[in-house]
Amino acid sequence: MDDRNLMQNLLLLEKGGCDLYMHGAVESANQSVLSAFRNAYDDSLSMQGEIFSKMTEKGWYAPKQVEQQKVDTLKQQYSQMK
């Protein structure tokens, strides 16, 4: 396993952790539990961002650029749903 594969796996794990913590926060029964999940979510989200940045620096993760016209079309569609 090379560094790139290791980082890809770490990124997937952190994304999964973020998802679990977010759901835990939504389902929290009291403020104490909510706070614990929020803190864990924030930490996990921060780590995910660091991994993403490092992978982007190395050219291992290149998000696709979306045309502005597509963004504008989606904005218009969602604004009409209100």
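**Fold and helix 2**

Analyst: Along its sequence, the protein follows the pattern α-α-α. The model is a predicted one.

User: Is the protein a compact globule or more spread out?

Analyst: For 82 residues the globule rule gives 12 Å. The radius of gyration is 17 Å, well over that value, so the protein is more spread out than a compact globule.

User: How far apart are the end C-alpha atoms of helix 2, and what span should its residues give?

Analyst: Helix 2 covers residues 31-57, which is 27 residues. At 1.5 Å a residue they should span 39 Å. The end C-alpha atoms agree with this, being 38 Å apart.

User: Which helix do the buried residues of helix 2 pack against?

Analyst: Buried means under 20% relative accessible area. In helix 2 the residues that count as buried are L34, S44, Q48, I51 and M55. They pack against helix 1 (3-26).

User: Is F52 buried, partly exposed or exposed?

Analyst: A residue between the 20% limit for buried and the 50% limit for exposed is partly exposed. The relative accessible area of F52 is 27%, so F52 is partly exposed.

User: What kind of aromatic pair do F52 and Y61 form?

Analyst: A search of the whole structure finds one aromatic pair. The ring centres of F52 and Y61 are 5.1 Å apart, with 75° between the planes. Planes over 60 degrees apart count as edge-to-face, so the pair of F52 and Y61 is edge-to-face.

Note on methods. Residues numbered from 1 in each chain as written. Predicted model: local features only at pLDDT ≥ 70, side-chain atom pairs only at ≥ 80, totals over all residues. Heavy atoms only, no water. Phe/Tyr/Trp six-rings, centres within 6.5 Å; stacked < 30°, edge-to-face > 60°. Buried < 20%, exposed > 50% of the residue type's maximum accessible area, 1.4 Å probe, protein only. Helix = DSSP H or I, 4+ residues; strand = E, 2+ residues; numbered from the N terminus. Expected span 1.5 Å × (residues − 1). Contact = heavy atoms within 4.5 Å. Rg over C-alpha atoms; globule rule 2.2 N^0.38 Å.
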